[in-house]
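Please open the model in your viewer and keep the sequence panel beside it. The tour below moves from stop to stop, saying what to select and what is there.

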Amino acid sequence: DFCRDNVLNCKKMMFIIGERYGGGYKGEKYLSEAKEIGQINSNLKEPSISLMEFYLAHKNKIDTFVYVKKDIYNERQSYQKNKNKGCYEPSFVKDNRVFDIVSFVTRLPNGNWIKTYEDLPDLLEIIKIQFGK
């Protein structure tokens, strides 16, 4: 919960979504927020630590900037189309819940703009342009 507490002191936050889902939130202080995430998307009943940090920032109106690897963003459409047909084996993620995180972000009522990136150098260039550095 220490890291989540510190998110609340930030002025801006970058949420970079890649191929891994990450560790699940095991804290106790923000269980109501974890439950809210699970209610919004039932596949996220055990939100990742990073998703919890993003959600806390978003919920507390901290400027958030979301970056998703382009291959993942594009493959999400195939996942959505095929997820109910049985086992969907993704090409670009290690856990299908990564697609659910992207969908979760896009369905938020505001502050849900996503920029896609090809690779690390592309992401760094996008961030430099976005922040004018």
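Begin by selecting Met 13 together with Thr 64, which is its bridge partner in strand β2. The model is a predicted one, in which local features need pLDDT of at least 70 and side-chain atom pairs count only at pLDDT 80 or more, while totals for chains, interfaces and linings use all residues. Residues are numbered from 1 along each chain as its sequence is written, and side-chain values use heavy atoms, with hydrogens and water left out.

**The strands**

Now widen the selection to strand β1, residues 12–17, and strand β2, residues 63–69, which run parallel and are joined by 6 bridges. Strands here are DSSP runs of E with at least two residues, helices are runs of H or I with at least four, and both are numbered from the N terminus; two strands pair if DSSP finds at least two bridges between them. Within this pairing, Phe 15 stands opposite Val 66 in β2.

Which residues of β1 are on its covered face, and which on its uncovered one? Met 13, Phe 15 and Ile 17 make up the covered face, whereas Lys 12, Met 14 and Ile 16 make up the uncovered one. In a regular strand the side chains alternate between the two faces of the sheet.

Buried means under 20% relative accessible area, exposed means over 50%, and partly exposed lies in between, with a 1.4 Å probe and protein chains only.

**The largest pocket**

Select His 58, Lys 59, Lys 61, Ile 62, Asp 63, Thr 64, Asn 110 and Gly 111, which line the largest pocket. The elements that give two or more residues to this lining are helix α3 (49–59) and strand β2. A pocket is an open set of points on a 1 Å grid over the protein atoms alone, with protein on both sides within 12 Å along at least five of seven lines, and lining residues have an atom within 4 Å of a point. The volume of the largest pocket is about 180 Å³, where a volume is the space filled by probe spheres set on the grid points, which are joined across faces, edges and corners. Its lining divides into 1 nonpolar, 4 polar and 3 charged residues; Ala, Val, Leu, Ile, Met, Phe, Trp, Tyr, Cys and Pro count as nonpolar, Asp, Glu, Lys and Arg as charged, and the others, Gly among them, as polar.

Stay with Lys 61, whose place is in the loop between α3 and β2. Its phi is near 60 degrees, a positive value in a residue other than glycine. Most residues other than glycine have a negative phi. Lys 61 counts as exposed because its relative accessibility is 73%.

**The aromatic rings**

A search of the whole structure finds 6 aromatic pairs. One of them is formed by Tyr 79 and Tyr 88, which are edge-to-face at 5.7 Å centre to centre, with 65 degrees between the planes. Rings of Phe, Tyr and Trp (its six-membered ring) pair if their centres lie within 6.5 Å, and planes under 30 degrees apart count as stacked, over 60 as edge-to-face and the rest as tilted. Tyr 88 also forms an edge-to-face pair with Phe 99, at 6.4 Å centre to centre and 70 degrees between the planes. Tyr 88 lies in the loop between α4 (70–82) and α5 (97–107) and Phe 99 in helix α5, so this pair ties together parts that are 11 residues apart in sequence.

**Charges over rings**

Finally, select Arg 97 and Tyr 21, where the charged end of Arg 97 sits over the ring of Tyr 21, 3.8 Å from its centre. Arg 76 likewise lies over the face of Tyr 73, at 5.1 Å from the ring centre. A charge sits over a ring if NZ of Lys or CZ of Arg is within 6 Å of the ring centre and within 35 degrees of the ring normal.

Terms used. 1 Å grid on protein atoms, 1.4 Å probe; cavity = no way out; pocket = protein on both sides within 12 Å on 5 of 7 lines; lining within 4 Å.
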